[in-house]
Amino acid sequence: MTMPHPSGSTPHRPGHHWACPAALAALLLAACSTTPLPPWPARPAPAPAPQPQRGVVVPPPAAPAPRPGVVLAPLPPPAPAPAPAPAPAAQPIPMPPPPQAGTLLDLPYSDAVAARFPEPHTRYNTPGLADNRRAFTTNAEIDQWLDRLAQAPLNSGTTARVLRLGPSQRGTPISALVLTRARDTDPETLLSSRRPTVLLIGQQHGDEPAGSEALLVVAEELAHGLLEPLLDKINVIIVPRANPDGADAGTRTTANGVDMHRDHLLLATPETRAIAALTRDYRPTLVLDAHEYPAAGPFVQQYQALARHDALLQYATTGNLHEFVTKSSREWYHDPMVRALKEQNLSADWYHTPSTRADAPGMAMGSVQPDASRNTHGLKNAVSLEVKTRGAGMGRTHLQRRVHTHITAIGSALRSTAERASSLEQVRSFAARETIAQACRDKAVVLAAQTPEQREVTLLDPVTGADKTLRVDWNSSLTLRPLVQRARPCGYWLAPEAGAAVERLRLLGLQVLRVAETGSLLADTYQDTPQQATGARAPLALQRSAIDVPAGSYYVPLNQTLANLAVAALEPDTPHSYYSHQLIDRLQDTARVMATPSLVFEDIQ
Ligand SMILES: [Zn+2]
C-alpha cells in the first residue's frame, strides 16, 4: 500500500453540532456495566512449530505440545428474537419523505409501518444528512471531511492522518483515517503501541449509504468529540467508503460488476486489494463492516411482510475459525451490542434473509464461505462483525434512524475493544499459536454448510405495521456442518506457474517460500473425479506419493498464523478456491505436503 501522507484540501466545518448533546453523551459514553465472563480455562498456548528459514534445510518439527484437555463449554443456542418494541404512542410523528419511485417494489409502506420507526432524539450532521439534501455525501466530500479532521489541531496527543489506499477502478481515491495516541500512524508504530487497532469499513456495497454517513460522524467524535477518550485504549482506522464507484453510481457492485464483499479471498478488484493491504499491514484486532439490508424485496415476495429489525448482526461463521475468536465475538461484542441497541429502542436480530435455495427453504443467515469479508477477516484471527441496518433500497427513508443504529452499534464495539484490550490480545495470540501448532496434524474443514433449524422470526404486517411472528425453517450459520474435511497438511506445494496465486496469498499476509533447489516431497495430489450426470462433483480423491519439485516452485507452510486462509484458497474443490477461479490452472499445480519438507528455500522479493 502507499505510504500515508497528509493531504491538502480546504478545511471544512460542519454547520452545527448535536441538537441533543446530553442524549448523545448518554448513548456514546454510557457507563458500560461489564458483564464478566466465566473465567476462561487457563490452558497453555502450545509452542509454535519452527518456521522455515531462508537458505536452510528445514528440520522435522519439534514434538508438538500436548493439546490441552480443557474444553470450552458449548455455546448456548441462538438467542430468541428480541421481543418487539411496543407500538409507539399515538402522537404526531414527523413522517419520513416518500421513498423514491420504484425503490420499494410497489410496496404498501403505510404510515402505520413508518410510525414503527420514529426519528431518533439525536440528529446527526454530515454533508449527506443536511436538510433538503437529496444526494448522500459525495466521494469528494468524504475526502474533505477526513482531511479536515486530520489537519485540525487535536487534543490529548491524538495523531490523525489520512491514508490513500489506492484508486478505485474509476480512479477515485479510497481513503482511510487513522486515529491514534501513538506518535505516528505507520503500521510499525501502531503495532508497538500496545493498543488494539480497530478497522471500521463502510459501504462495500455502493447502494447502502447509512454506514458511510455514520462513519463520518464516528470519525468526528473520535477526533475531538465524545468518543475521543477511547483512544487512550485503542487505535482506530476508518474506511468510510470502500466502494466509491458503486456509491457514485448507486450500485451494489464495483465498477466492473463484482460484489466486493465476496472478493476478500480472491482479491480480484483493486478495492478489495486495498483493504487486504491495509489489514496485512495494520493487523486489526476488530474489523467491523457496516452494511444495510432491504426491508422489502425478498421479505415481501416470500412472506408478504416487511422486515422488522433496525439492525441485523452476524460475526464470522466459517470453517476453521478458532473457538476463542468465536466465543469472544459473541460474548464480548454481539451480546453487548444487542443490549446497547435495545437501550436506544432499536431492535436487533441475527442476520437473516429469505433463502433463494430450493434445497434450503426458509430464512438463511449470512454466508459460511470463507470468501465473504466477515469470514476472511475472522480467519485472520480478528473479531469480525457485520452490522446491517434496515435501509437498502429505501432512499432517505428513516435515514437518521439508520445512521443512529450504526453509531450505536459501532460505539458499543469500540467500547468493547477498549474494555477488553488485554484479553483480546491474549485470545488473538493464543489463537495464532494454536493455529501454527496444528500444522501436519488435526483436521481442516474444506467445505461447510449451515445447519437447518426451526425458529421464530418477527416481521411486520405491511398495512397495519403490527408484528407478524412466523415459525420458519432457519438455516443457521452459528452451527456449522462440515461437508468435506481433510487431514491438515504441513503445507501446500505450488507449481512455478502458480505465481498469480502466490501474489494473492502474500497480499493476504501469508508467508510463501520459493524452492531454491530441486528436491522431493511426500505429498497428496488431487485426482480428478468424473462429473456426475447431475452436474455435481464429488470431492476430489487424494493419492499419496513422493513427488519431485523443481527450483522456482513454491511452498506455503501451514505453521503460520494465517494458515486457515491458505486452506480456504488452495483446497481446489470448493466454489471459492483459487483453482475454481482459474488463478491456478491445473490440478497438478497444487499438492498437499504431508511431511515437513527438507528443502532449501529462498525468500520471494
Ligand atoms: Zn451490504
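User: Which residues of α14 are buried?

Analyst: Start with the term: buried means under 20% relative accessible area, exposed means over 50%, and partly exposed is in between (1.4 Å probe, protein chains only). In helix α14 the buried residues are A563, N564, L565, A566, V567, A568, A569 and L570. That makes 8 of its 8 residues, a mostly covered helix. Keep in mind that this is a predicted model: local features need pLDDT of at least 70 and side-chain atom pairs count only at pLDDT 80 or more, while totals for chains, interfaces and linings use all residues. Residues are numbered from 1 along each chain as its sequence is written, and side-chain values use heavy atoms, with hydrogens and water left out.

User: Which strands does α14 lie across?

Analyst: Helices (H or I, at least four residues) and strands (E, at least two) are DSSP runs, numbered from the N terminus. For crossing angles, axes are lines fitted to C-alpha atoms, for helices over the stretch in contact, and the angle runs from 0 to 180 degrees between N-to-C directions. Here α14 (residues 563-570) lies across β14 (491-494), β16, β18 (554-557) and β19, and it runs at about 45° to β14.

User: In what order do the strands of that open sheet come?

Analyst: The general idea is that strands of a sheet pair through backbone hydrogen bonds, either parallel or antiparallel. Two strands are called paired if DSSP finds at least two bridges between them. In this case 7 strands line up as β17-β16-β19-β14-β18-β15-β20, with antiparallel pairing. Its edge strands, β17 (541-549) and β20 (601-602), each pair on one side only.

User: Which residues does L266 touch?

Analyst: L266 sits in the loop between α6 (244-249) and α7. Leaving out residues up to four places away in sequence, L266 touches R504, Y578, H581 and L583. L266 counts as buried because its relative accessible area is 16%.

User: Now the metal. Which protein donors does the zinc ion have?

Analyst: Donors are N, O and S atoms within 2.8 Å of the metal (3.2 Å for Na, K and Ca), and since water is not among the atoms, sites may look incomplete. For the zinc ion they are H205 (ND1), E208 (OE), E208 (OE) and H291 (ND1), at 2.0 to 2.6 Å. Along the chain, the donors follow the spacing H-x2-E-x82-H. This links distant parts of the chain: H205 lies in the loop between β3 (197-202) and α5 (210-224), while H291 lies in β5 (residues 286-294), 86 residues away. Both H205 and H291 are buried.

User: What is the geometry of that site?

Analyst: Four donors count as tetrahedral if all angles lie between 85 and 135 degrees; four count as square planar and six as octahedral if opposite donors are over 155 degrees apart and all others between 65 and 115; anything else is irregular. The angles among the 4 donor atoms of the zinc ion are 54 to 151°, and the site is irregular.

User: Which strands does β5 pair with?

Analyst: β3 and β5 pair in the parallel sense over 5 bridges, with G202 bridging to A290 in β5. Then β5 and β11 (residues 383-392) pair, also parallel, over 9 bridges. In that pairing L288 has L385 in β11 as its bridge partner. Strand β5 is mostly covered, with 8 of its 9 residues buried.

User: And β2: how many bridges does it share with β1?

Analyst: β1 (residues 159-167) and β2 pair in the antiparallel sense over 8 bridges. Their hairpin has 5 residues between the strands, and G171 there takes a positive phi near 90°. β2 also pairs with β4 (residues 235-239), antiparallel over 3 bridges, where L177 bridges to I238 in β4.

Notes
Contact means heavy atoms within 4.5 Å.
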